[in-house]
Amino acid sequence: MSFADYIDIFGDNILHLLEQHVILFAIALAAAIAIGVTLGLLVYRFKTLDTLIVPVVNVLQACPEIVLLALAIPFLGIGISGALIPLFVKGVLPILRNTASGFASIDPRLLEAARGMGMSPAQILLRVEVPAVLPVVIAGVRISAVMLVSVLTLTAYIGVDSLGTLILQGISRMDATPLLIGSGLTALLAITVNYLLFGLERLASRRVS
Amino acid sequence: MALRVDFRDVTKAFPGTPPAVDRLSLTVEAGTILALVGPSGCGKTTTLKMVNRLIEPSGGDIVLGDAPVSQMPVKDLRRMIGYVIQYVGLFPHMSVAENIAIVPRLLGWNRARIDARVDELLTLVGLAPETHRDRYPRSLSGGQQQRVGVARALAADPPVLLMDEPFGALDPITRVRVQDELLSIQRKVRKTILIVTHDMDEAIRLGDKVAVMRAGRLVQHASPVDILRHPRDAFVAELIGHDRLVKLLSTLSVGSVMSADAAPADVPAVARTASLEAAFLRMLDTGRDVLAVEGGGSLHIRDLLCASTG
(Lines give C-alpha, C1' and ligand atoms only; values in the text may rest on other atoms or scores of the structure.)
Protein backbone atom coordinates (compact mmCIF):
# COMPACT_ATOMS: atom_id res chain seq x y z
CA MET A 1 0.00 0.00 0.00
CA SER A 2 1.35 3.41 -0.88
CA PHE A 3 1.78 6.17 1.73
CA ALA A 4 -1.05 8.19 0.26
CA ASP A 5 -3.48 5.29 0.39
CA TYR A 6 -2.42 4.28 3.86
CA ILE A 7 -2.83 7.77 5.23
CA ASP A 8 -6.15 8.09 3.42
CA ILE A 9 -7.55 4.96 5.03
CA PHE A 10 -5.86 5.00 8.46
CA GLY A 11 -5.35 8.74 8.90
CA ASP A 12 -7.68 8.98 11.91
CA ASN A 13 -6.03 6.00 13.52
CA ILE A 14 -2.57 7.54 13.06
CA LEU A 15 -3.73 10.75 14.69
CA HIS A 16 -5.25 8.76 17.53
CA LEU A 17 -1.98 6.87 18.08
CA LEU A 18 0.02 10.12 17.97
CA GLU A 19 -2.32 11.63 20.53
CA GLN A 20 -1.99 8.56 22.76
CA HIS A 21 1.76 8.74 22.45
CA VAL A 22 1.85 12.39 23.46
CA ILE A 23 -0.41 11.71 26.45
CA LEU A 24 1.74 8.79 27.62
CA PHE A 25 4.80 10.95 27.13
CA ALA A 26 3.39 13.82 29.15
CA ILE A 27 2.50 11.55 32.06
CA ALA A 28 5.84 9.73 32.00
CA LEU A 29 7.85 12.95 31.80
CA ALA A 30 5.88 14.61 34.59
CA ALA A 31 6.50 11.58 36.80
CA ALA A 32 10.19 11.45 35.87
CA ILE A 33 10.58 15.17 36.70
CA ALA A 34 8.77 14.83 40.03
CA ILE A 35 10.80 11.82 41.12
CA GLY A 36 14.07 12.97 39.53
CA VAL A 37 14.06 16.43 41.09
CA THR A 38 13.01 15.10 44.48
CA LEU A 39 15.71 12.42 44.52
CA GLY A 40 18.25 14.90 43.16
CA LEU A 41 17.50 17.30 46.01
CA LEU A 42 17.71 14.48 48.54
CA VAL A 43 21.02 13.27 47.16
CA TYR A 44 22.39 16.84 47.28
CA ARG A 45 21.15 17.59 50.79
CA PHE A 46 22.02 14.23 52.34
CA LYS A 47 25.26 13.06 50.79
CA THR A 48 24.91 9.58 52.31
CA LEU A 49 21.82 8.92 50.21
CA ASP A 50 24.05 9.19 47.19
CA THR A 51 25.48 5.70 47.73
CA LEU A 52 21.98 4.37 48.36
CA ILE A 53 19.92 5.88 45.57
CA VAL A 54 22.28 6.31 42.68
CA PRO A 55 23.29 2.63 42.25
CA VAL A 56 19.63 1.57 42.19
CA VAL A 57 18.78 4.18 39.59
CA ASN A 58 21.88 3.24 37.63
CA VAL A 59 20.91 -0.44 37.49
CA LEU A 60 17.38 0.44 36.36
CA GLN A 61 18.92 2.71 33.76
CA ALA A 62 21.19 -0.01 32.44
CA CYS A 63 18.41 -2.60 32.29
CA PRO A 64 16.90 -2.96 28.78
CA GLU A 65 13.43 -1.43 28.58
CA ILE A 66 11.83 -4.59 27.24
CA VAL A 67 13.07 -6.47 30.31
CA LEU A 68 11.62 -3.84 32.62
CA LEU A 69 8.28 -4.19 30.86
CA ALA A 70 8.31 -7.96 31.12
CA LEU A 71 9.34 -7.89 34.79
CA ALA A 72 6.54 -5.49 35.63
CA ILE A 73 3.71 -7.53 34.12
CA PRO A 74 3.22 -9.89 37.11
CA PHE A 75 2.94 -6.87 39.43
CA LEU A 76 1.20 -4.27 37.35
CA GLY A 77 -0.56 -6.35 34.71
CA ILE A 78 -1.17 -5.26 31.17
CA GLY A 79 -2.37 -1.71 30.61
CA ILE A 80 -1.42 1.90 31.09
CA SER A 81 0.22 1.53 34.51
CA GLY A 82 2.01 -1.63 33.46
CA ALA A 83 3.40 0.26 30.49
CA LEU A 84 4.18 3.61 32.08
CA ILE A 85 5.66 2.68 35.42
CA PRO A 86 8.55 0.56 34.13
CA LEU A 87 9.29 3.04 31.35
CA PHE A 88 9.21 6.42 33.10
CA VAL A 89 12.02 5.11 35.30
CA LYS A 90 14.28 5.58 32.29
CA GLY A 91 13.75 9.29 32.49
CA VAL A 92 14.66 9.66 36.15
CA LEU A 93 18.44 9.37 36.08
CA PRO A 94 19.40 12.34 33.87
CA ILE A 95 17.10 14.61 35.85
CA LEU A 96 18.36 13.31 39.19
CA ARG A 97 21.96 13.72 38.16
CA ASN A 98 21.56 17.23 36.79
CA THR A 99 19.55 18.38 39.77
CA ALA A 100 22.13 17.11 42.26
CA SER A 101 25.14 18.42 40.35
CA GLY A 102 23.37 21.71 39.61
CA PHE A 103 22.87 22.38 43.30
CA ALA A 104 26.38 21.21 44.12
CA SER A 105 27.86 23.64 41.60
CA ILE A 106 26.37 26.77 43.19
CA ASP A 107 29.17 28.90 44.57
CA PRO A 108 29.01 28.53 48.37
CA ARG A 109 30.08 32.15 48.74
CA LEU A 110 26.91 33.16 46.91
CA LEU A 111 24.85 31.31 49.49
CA GLU A 112 26.82 32.91 52.26
CA ALA A 113 26.17 36.35 50.78
CA ALA A 114 22.47 35.50 50.78
CA ARG A 115 22.59 34.41 54.42
CA GLY A 116 24.65 37.46 55.29
CA MET A 117 21.88 39.67 53.95
CA GLY A 118 19.34 38.02 56.21
CA MET A 119 17.51 35.73 53.77
CA SER A 120 15.69 32.76 55.28
CA PRO A 121 16.49 29.25 54.00
CA ALA A 122 13.23 29.24 52.02
CA GLN A 123 14.06 32.61 50.45
CA ILE A 124 17.54 31.38 49.57
CA LEU A 125 16.07 28.29 47.91
CA LEU A 126 13.48 30.17 45.88
CA ARG A 127 15.37 33.33 44.99
CA VAL A 128 18.93 32.10 44.70
CA GLU A 129 19.25 28.36 44.32
CA VAL A 130 16.31 27.56 42.05
CA PRO A 131 17.07 30.24 39.44
CA ALA A 132 20.71 29.15 39.43
CA VAL A 133 20.01 25.43 38.87
CA LEU A 134 17.01 25.78 36.58
CA PRO A 135 18.99 25.69 33.29
CA VAL A 136 20.91 22.60 34.40
CA VAL A 137 17.76 20.82 35.49
CA ILE A 138 16.01 21.66 32.22
CA ALA A 139 19.00 20.23 30.33
CA GLY A 140 18.47 16.97 32.23
CA VAL A 141 14.75 17.07 31.48
CA ARG A 142 15.53 17.50 27.81
CA ILE A 143 17.72 14.39 27.72
CA SER A 144 15.04 12.43 29.56
CA ALA A 145 12.26 13.71 27.34
CA VAL A 146 13.97 12.72 24.09
CA MET A 147 14.68 9.28 25.51
CA LEU A 148 11.13 8.83 26.75
CA VAL A 149 9.59 9.70 23.38
CA SER A 150 11.35 6.78 21.75
CA VAL A 151 11.21 4.37 24.68
CA LEU A 152 7.42 4.77 24.86
CA THR A 153 6.98 3.03 21.50
CA LEU A 154 7.55 -0.19 23.45
CA THR A 155 4.19 0.11 25.18
CA ALA A 156 2.70 -1.47 22.06
CA TYR A 157 4.20 -4.79 23.15
CA ILE A 158 1.84 -4.99 26.08
CA GLY A 159 -1.15 -3.69 24.22
CA VAL A 160 -1.06 -0.01 25.09
CA ASP A 161 -1.62 2.18 22.03
CA SER A 162 1.20 4.50 21.00
CA LEU A 163 3.17 5.20 17.86
CA GLY A 164 4.80 1.86 18.64
CA THR A 165 1.57 0.19 17.55
CA LEU A 166 2.28 1.30 13.99
CA ILE A 167 5.85 0.06 14.18
CA LEU A 168 4.76 -3.31 15.55
CA GLN A 169 2.13 -3.54 12.82
CA GLY A 170 4.78 -2.87 10.19
CA ILE A 171 7.06 -5.53 11.60
CA SER A 172 4.42 -8.24 11.90
CA ARG A 173 2.95 -7.59 8.45
CA MET A 174 6.31 -6.99 6.78
CA ASP A 175 4.84 -3.64 5.64
CA ALA A 176 7.28 -0.74 5.47
CA THR A 177 4.58 1.95 5.31
CA PRO A 178 3.22 1.85 8.89
CA LEU A 179 6.74 1.12 10.11
CA LEU A 180 8.07 4.30 8.49
CA ILE A 181 5.10 6.40 9.51
CA GLY A 182 5.37 5.19 13.12
CA SER A 183 9.10 5.65 13.42
CA GLY A 184 9.08 8.89 11.42
CA LEU A 185 6.47 10.47 13.67
CA THR A 186 8.36 9.27 16.75
CA ALA A 187 11.55 10.87 15.47
CA LEU A 188 9.73 14.06 14.58
CA LEU A 189 8.18 14.19 18.04
CA ALA A 190 11.57 13.66 19.66
CA ILE A 191 13.14 16.44 17.62
CA THR A 192 10.28 18.82 18.38
CA VAL A 193 10.48 18.10 22.11
CA ASN A 194 14.24 18.55 22.02
CA TYR A 195 14.02 21.98 20.43
CA LEU A 196 11.19 23.17 22.62
CA LEU A 197 13.09 22.25 25.76
CA PHE A 198 16.30 23.62 24.34
CA GLY A 199 14.55 26.95 23.88
CA LEU A 200 13.34 26.82 27.46
CA GLU A 201 16.83 26.00 28.64
CA ARG A 202 18.23 29.01 26.79
CA LEU A 203 15.54 31.21 28.26
CA ALA A 204 16.40 30.08 31.77
CA SER A 205 20.15 30.45 31.32
CA ARG A 206 19.98 33.75 29.45
CA ARG A 207 20.92 35.66 32.54
CA VAL A 208 23.26 33.19 34.14
CA SER A 209 25.87 31.97 31.68
CA MET B 1 23.43 56.80 61.16
CA ALA B 2 26.32 54.69 62.36
CA LEU B 3 26.84 52.51 65.42
CA ARG B 4 29.89 51.75 67.53
CA VAL B 5 31.07 48.14 67.31
CA ASP B 6 32.58 46.77 70.46
CA PHE B 7 34.40 43.43 70.63
CA ARG B 8 34.55 42.27 74.22
CA ASP B 9 36.89 39.39 74.88
CA VAL B 10 35.64 37.57 71.79
CA THR B 11 36.90 34.05 71.24
CA LYS B 12 36.12 31.54 68.54
CA ALA B 13 37.45 28.04 69.07
CA PHE B 14 36.91 25.13 66.74
CA PRO B 15 37.34 21.70 68.33
CA GLY B 16 40.83 20.24 68.08
CA THR B 17 42.64 23.36 66.87
CA PRO B 18 44.04 26.47 68.53
CA PRO B 19 41.41 29.23 68.77
CA ALA B 20 40.74 30.97 65.44
CA VAL B 21 40.15 34.18 67.37
CA ASP B 22 41.62 34.48 70.83
CA ARG B 23 40.17 36.94 73.38
CA LEU B 24 39.86 39.82 70.96
CA SER B 25 38.90 43.15 72.48
CA LEU B 26 38.70 46.30 70.44
CA THR B 27 36.31 49.14 69.71
CA VAL B 28 35.41 50.55 66.34
CA GLU B 29 34.09 54.06 66.85
CA ALA B 30 30.86 54.99 65.06
CA GLY B 31 31.43 56.33 61.57
CA THR B 32 35.04 55.12 61.27
CA ILE B 33 36.73 52.47 59.15
CA LEU B 34 38.62 49.63 60.80
CA ALA B 35 40.90 47.60 58.54
CA LEU B 36 41.54 44.06 59.80
CA VAL B 37 44.78 42.89 58.28
CA GLY B 38 46.94 39.80 58.57
CA PRO B 39 48.04 36.67 56.73
CA SER B 40 45.63 33.89 55.72
CA GLY B 41 44.26 32.02 58.69
CA CYS B 42 44.95 34.81 61.19
CA GLY B 43 41.28 34.98 62.17
CA LYS B 44 40.36 38.26 60.47
CA THR B 45 37.51 36.83 58.38
CA THR B 46 36.24 34.83 61.34
CA THR B 47 36.23 38.06 63.35
CA LEU B 48 34.19 39.79 60.65
CA LYS B 49 31.67 36.98 60.30
CA MET B 50 31.01 36.93 64.02
CA VAL B 51 29.59 40.45 63.74
CA ASN B 52 26.68 39.32 61.56
CA ARG B 53 26.67 35.90 63.20
CA LEU B 54 27.53 33.89 60.13
CA ILE B 55 29.85 32.45 62.76
CA GLU B 56 28.81 32.32 66.41
CA PRO B 57 31.51 33.26 68.94
CA SER B 58 32.36 30.63 71.53
CA GLY B 59 33.12 33.28 74.14
CA GLY B 60 32.76 37.00 74.76
CA ASP B 61 30.34 39.28 72.99
CA ILE B 62 30.10 41.83 70.24
CA VAL B 63 28.06 44.92 71.00
CA LEU B 64 26.46 47.08 68.34
CA GLY B 65 25.69 50.48 69.85
CA ASP B 66 24.14 49.27 73.11
CA ALA B 67 22.86 45.89 71.92
CA PRO B 68 24.85 42.65 72.15
CA VAL B 69 24.50 40.88 68.79
CA SER B 70 23.87 37.58 70.58
CA GLN B 71 20.60 39.06 71.91
CA MET B 72 19.31 40.20 68.51
CA PRO B 73 17.19 38.07 66.14
CA VAL B 74 19.66 36.95 63.52
CA LYS B 75 17.59 38.09 60.52
CA ASP B 76 17.05 41.59 61.92
CA LEU B 77 20.74 41.79 62.77
CA ARG B 78 21.83 40.85 59.25
CA ARG B 79 19.39 43.20 57.61
CA MET B 80 20.89 46.12 59.52
CA ILE B 81 24.44 45.20 58.54
CA GLY B 82 25.64 45.67 54.97
CA TYR B 83 27.78 42.79 53.76
CA VAL B 84 30.21 42.94 50.83
CA ILE B 85 32.35 40.06 49.62
CA GLN B 86 34.46 39.56 46.51
CA TYR B 87 32.50 40.15 43.32
CA VAL B 88 30.98 36.66 43.34
CA GLY B 89 28.49 37.97 45.86
CA LEU B 90 26.25 39.49 43.19
CA PHE B 91 23.48 37.15 42.11
CA PRO B 92 24.05 36.41 38.41
CA HIS B 93 20.37 35.82 37.61
CA MET B 94 19.28 39.17 39.04
CA SER B 95 19.68 42.55 37.37
CA VAL B 96 21.72 45.27 39.04
CA ALA B 97 18.53 46.87 40.37
CA GLU B 98 17.21 43.54 41.70
CA ASN B 99 20.52 42.83 43.40
CA ILE B 100 20.50 46.19 45.13
CA ALA B 101 16.84 45.79 46.09
CA ILE B 102 17.31 42.50 47.98
CA VAL B 103 17.42 43.82 51.53
CA PRO B 104 14.83 46.59 50.98
CA ARG B 105 12.52 43.90 49.60
CA LEU B 106 13.17 41.68 52.60
CA LEU B 107 12.27 44.68 54.74
CA GLY B 108 9.02 45.11 52.81
CA TRP B 109 9.60 48.53 51.24
CA ASN B 110 7.16 49.53 48.53
CA ARG B 111 8.05 49.58 44.82
CA ALA B 112 8.41 53.37 44.47
CA ARG B 113 10.66 53.68 47.49
CA ILE B 114 12.87 50.82 46.28
CA ASP B 115 13.18 52.27 42.76
CA ALA B 116 14.10 55.67 44.10
CA ARG B 117 16.65 54.13 46.46
CA VAL B 118 18.25 52.05 43.69
CA ASP B 119 18.74 55.13 41.52
CA GLU B 120 20.07 57.12 44.44
CA LEU B 121 22.63 54.42 45.27
CA LEU B 122 23.76 53.89 41.70
CA THR B 123 24.40 57.61 41.48
CA LEU B 124 26.27 57.51 44.78
CA VAL B 125 28.66 54.78 43.56
CA GLY B 126 29.17 56.54 40.25
CA LEU B 127 27.11 54.40 37.87
CA ALA B 128 24.46 56.10 35.72
CA PRO B 129 21.10 54.61 36.81
CA GLU B 130 19.46 54.68 33.36
CA THR B 131 22.22 52.66 31.72
CA HIS B 132 23.05 50.26 34.58
CA ARG B 133 19.79 49.54 36.39
CA ASP B 134 18.67 46.72 34.09
CA ARG B 135 22.01 45.16 33.28
CA TYR B 136 23.16 41.80 34.58
CA PRO B 137 26.32 41.35 36.66
CA ARG B 138 28.13 39.34 33.98
CA SER B 139 27.97 42.30 31.59
CA LEU B 140 29.76 44.54 34.11
CA SER B 141 33.50 44.92 34.63
CA GLY B 142 35.05 43.80 37.92
CA GLY B 143 35.19 47.37 39.21
CA GLN B 144 31.57 48.02 38.27
CA GLN B 145 30.46 44.80 39.94
CA GLN B 146 32.27 45.85 43.09
CA ARG B 147 30.52 49.22 43.05
CA VAL B 148 27.16 47.48 42.71
CA GLY B 149 28.23 45.28 45.65
CA VAL B 150 28.83 48.39 47.75
CA ALA B 151 25.52 49.91 46.61
CA ARG B 152 23.73 46.70 47.56
CA ALA B 153 25.32 46.69 51.01
CA LEU B 154 24.23 50.30 51.56
CA ALA B 155 20.70 49.70 50.26
CA ALA B 156 18.78 49.76 53.52
CA ASP B 157 21.06 52.43 55.00
CA PRO B 158 22.64 50.04 57.53
CA PRO B 159 24.61 51.59 60.40
CA VAL B 160 27.39 49.02 59.97
CA LEU B 161 29.12 47.68 56.86
CA LEU B 162 31.23 44.51 56.72
CA MET B 163 33.57 44.04 53.78
CA ASP B 164 35.46 40.78 53.29
CA GLU B 165 38.39 41.21 50.87
CA PRO B 166 36.06 43.35 48.77
CA PHE B 167 38.70 44.41 46.25
CA GLY B 168 40.72 41.20 46.18
CA ALA B 169 39.63 40.23 42.67
CA LEU B 170 40.44 43.57 41.05
CA ASP B 171 43.54 44.51 39.11
CA PRO B 172 45.86 46.97 40.93
CA ILE B 173 44.77 50.07 38.99
CA THR B 174 41.03 49.47 39.31
CA ARG B 175 41.62 48.55 42.90
CA VAL B 176 43.12 51.90 43.85
CA ARG B 177 40.33 53.72 42.02
CA VAL B 178 37.60 51.75 43.77
CA GLN B 179 39.35 52.30 47.12
CA ASP B 180 39.29 56.06 46.49
CA GLU B 181 35.63 55.84 45.58
CA LEU B 182 34.88 53.96 48.78
CA LEU B 183 36.58 56.73 50.77
CA SER B 184 34.60 59.43 49.00
CA ILE B 185 31.37 57.47 49.56
CA GLN B 186 32.31 57.11 53.21
CA ARG B 187 32.73 60.89 53.51
CA LYS B 188 29.07 61.17 52.48
CA VAL B 189 27.51 58.24 54.36
CA ARG B 190 29.71 58.00 57.51
CA LYS B 191 29.10 54.34 58.27
CA THR B 192 30.99 52.17 60.70
CA ILE B 193 32.96 49.95 58.32
CA LEU B 194 34.95 46.81 59.09
CA ILE B 195 37.06 45.77 56.18
CA VAL B 196 39.12 42.59 55.98
CA THR B 197 42.21 42.55 53.78
CA HIS B 198 45.53 40.74 53.57
CA ASP B 199 47.03 43.78 51.89
CA MET B 200 48.70 46.17 54.32
CA ASP B 201 48.73 48.97 51.73
CA GLU B 202 44.97 48.67 51.40
CA ALA B 203 44.56 48.66 55.18
CA ILE B 204 46.66 51.84 55.46
CA ARG B 205 44.82 53.60 52.65
CA LEU B 206 41.34 52.78 53.90
CA GLY B 207 41.52 52.40 57.67
CA ASP B 208 41.02 55.17 60.19
CA LYS B 209 42.42 52.46 62.43
CA VAL B 210 44.27 49.31 61.46
CA ALA B 211 44.07 46.08 63.47
CA VAL B 212 46.90 43.66 62.72
CA MET B 213 46.12 40.06 63.61
CA ARG B 214 48.22 36.94 63.80
CA ALA B 215 47.12 33.45 64.79
CA GLY B 216 43.87 34.71 66.30
CA ARG B 217 45.51 37.41 68.39
CA LEU B 218 45.36 41.15 67.99
CA VAL B 219 49.00 42.21 67.52
CA GLN B 220 48.56 45.94 67.07
CA HIS B 221 45.57 48.26 66.88
CA ALA B 222 46.46 51.81 65.95
CA SER B 223 46.09 54.53 63.34
CA PRO B 224 47.88 53.89 60.04
CA VAL B 225 50.45 56.58 60.80
CA ASP B 226 51.24 55.12 64.22
CA ILE B 227 51.57 51.62 62.76
CA LEU B 228 53.94 52.91 60.10
CA ARG B 229 55.97 54.90 62.62
CA HIS B 230 56.12 52.30 65.33
CA PRO B 231 55.35 48.77 64.18
CA ARG B 232 54.97 46.79 67.39
CA ASP B 233 57.20 43.90 66.34
CA ALA B 234 59.08 42.29 63.46
CA PHE B 235 55.90 40.60 62.25
CA VAL B 236 54.08 43.89 61.75
CA ALA B 237 57.17 45.45 60.17
CA GLU B 238 57.39 42.56 57.75
CA LEU B 239 53.73 42.92 56.81
CA ILE B 240 54.34 46.58 56.03
CA GLY B 241 57.42 45.81 53.95
CA HIS B 242 60.87 47.35 53.56
CA ASP B 243 59.47 50.66 52.26
CA ARG B 244 57.79 51.46 55.54
CA LEU B 245 59.04 55.06 55.73
CA VAL B 246 58.14 55.77 52.13
CA LYS B 247 54.62 54.59 52.92
CA LEU B 248 54.60 56.79 55.99
CA LEU B 249 55.63 59.83 53.97
CA SER B 250 53.03 59.06 51.32
CA THR B 251 50.35 58.82 54.02
CA LEU B 252 51.09 62.20 55.60
CA SER B 253 50.28 65.50 53.92
CA VAL B 254 52.49 68.56 53.74
CA GLY B 255 49.91 70.48 55.73
CA SER B 256 50.25 68.16 58.73
CA VAL B 257 53.95 68.90 59.45
CA MET B 258 54.79 72.21 57.75
CA SER B 259 55.84 75.25 59.69
CA ALA B 260 54.37 78.72 59.37
CA ASP B 261 57.82 80.29 58.74
CA ALA B 262 58.11 82.08 55.44
CA ALA B 263 60.20 80.22 52.89
CA PRO B 264 63.28 81.78 51.19
CA ALA B 265 62.39 83.67 48.05
CA ASP B 266 63.59 81.40 45.27
CA VAL B 267 62.64 77.86 46.45
CA PRO B 268 60.23 75.55 44.59
CA ALA B 269 56.65 75.32 45.87
CA VAL B 270 54.40 72.38 46.82
CA ALA B 271 50.68 72.21 47.51
CA ARG B 272 49.49 71.99 51.12
CA THR B 273 47.57 68.80 50.28
CA ALA B 274 50.50 67.07 48.55
CA SER B 275 51.99 64.03 50.28
CA LEU B 276 55.30 64.27 52.11
CA GLU B 277 56.62 61.67 49.69
CA ALA B 278 55.95 64.03 46.78
CA ALA B 279 57.57 66.90 48.71
CA PHE B 280 60.60 64.75 49.55
CA LEU B 281 61.02 63.75 45.90
CA ARG B 282 60.76 67.42 44.98
CA MET B 283 63.63 68.17 47.39
CA LEU B 284 65.76 65.37 45.92
CA ASP B 285 64.85 66.55 42.46
CA THR B 286 65.74 70.21 43.00
CA GLY B 287 68.55 69.74 45.52
CA ARG B 288 66.92 72.10 48.02
CA ASP B 289 66.30 71.30 51.69
CA VAL B 290 63.34 73.62 52.00
CA LEU B 291 60.18 74.12 49.96
CA ALA B 292 57.59 76.88 49.93
CA VAL B 293 54.05 75.77 50.64
CA GLU B 294 51.41 77.25 48.40
CA GLY B 295 49.23 79.65 50.36
CA GLY B 296 52.03 80.53 52.82
CA GLY B 297 54.44 78.65 55.07
CA SER B 298 57.36 76.36 54.39
CA LEU B 299 58.48 72.77 54.67
CA HIS B 300 62.03 72.04 55.81
CA ILE B 301 63.75 68.66 55.60
CA ARG B 302 63.87 68.79 59.42
CA ASP B 303 60.06 68.59 59.37
CA LEU B 304 60.31 65.37 57.39
CA LEU B 305 62.70 63.88 59.94
CA CYS B 306 60.32 64.81 62.76
CA ALA B 307 57.41 63.32 60.85
CA SER B 308 59.13 60.00 60.24
CA THR B 309 59.85 59.42 63.90
CA GLY B 310 56.76 61.09 65.29
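**Exercises on a predicted two-chain model**

With 22 C-beta neighbours inside 10 Å, Pro137(B) counts as buried. The model is a predicted one, and the exercises below begin with this residue.

**Exercise 1.** Determine where Pro137(B) lies in chain B and which residues Pro137(B) is in contact with, leaving aside its neighbours within four places in sequence.

*Solution.*
Step 1. Locate the residue: Pro137(B) belongs to the loop that joins helix 6 (129-132) to helix 7 (142-154) of chain B.
Step 2. Apply the cut-off for burial, which is 20 or more other C-beta atoms within 10 Å. Pro137(B) has 22 such neighbours and is therefore buried.
Step 3. List the contacts beyond four places in sequence: Leu90(B), Pro92(B) and Gln145(B).
Step 4. Consider a residue 43 places away along the chain: the C-alpha atom of Met94(B) is 7.7 Å from that of Pro137(B).

**Exercise 2.** Describe how helix 1 and helix 4 of chain A are placed relative to each other.

*Solution.*
Step 1. Two quantities are required, since packed helices are described by the angle between their axes and the distance between the axes.
Step 2. For helix 1 (residues 3-45) and helix 4 (residues 80-104) of chain A, the axes come within 6 Å and cross at roughly 40°.
Step 3. Angles under 35 degrees count as roughly parallel, and 65 to 115 as roughly perpendicular. Helix 1 and helix 4 of chain A are therefore oblique to each other.
Step 4. The handedness of this crossing of helix 1 and helix 4 of chain A is right-handed.
Step 5. Sorted by class, the residues in the contact of these two helices of chain A are 22 nonpolar and 4 polar, with no charged ones.

**Exercise 3.** Characterise the side of chain A that touches chain B.

*Solution.*
Step 1. Count the residues: chain A contributes 16 residues to the contact, and chain B contributes 16 residues.
Step 2. Identify the helices: on the side of chain A, helix 5 (108-116) and helix 6 (121-151) each supply at least two residues.
Step 3. Find the main contributor: helix 5 of chain A gives the most, with 6 residues.
Step 4. Classify the residues on the side of chain A: 8 are nonpolar, 3 polar and 5 charged.

**Exercise 4.** State which domains are assigned to chain B and how they meet.

*Solution.*
Step 1. The domain assignment gives domain 1 (5-247) and domain 2 (252-309) of chain B.
Step 2. The C-alpha centres of these two domains of chain B are 35 Å apart.
Step 3. Their contact takes 4 residues from domain 1 and 4 residues from domain 2 of chain B.
Step 4. On the side of domain 1, helix 10 (224-229) and helix 12 (244-251) of chain B each supply at least two residues.

Notes
Residues numbered from 1 in each chain as written. Chains lettered and ligands numbered in written order. Predicted model: local features only at pLDDT ≥ 70, side-chain atom pairs only at ≥ 80, totals over all residues. Axes fitted to C-alpha atoms, helices over the stretch in contact; angles between N-to-C directions. Parallel < 35°, antiparallel > 145°, perpendicular 65-115°, else oblique. Left-handed = near helix turned anticlockwise from the far one by under 90°. Nonpolar A, V, L, I, M, F, W, Y, C, P; charged D, E, K, R; others polar. Contact = placed C-beta atoms within 7 Å. Buried ≥ 20, exposed ≤ 12 C-beta atoms within 10 Å, placed from the backbone. Domains from an automatic or database assignment.
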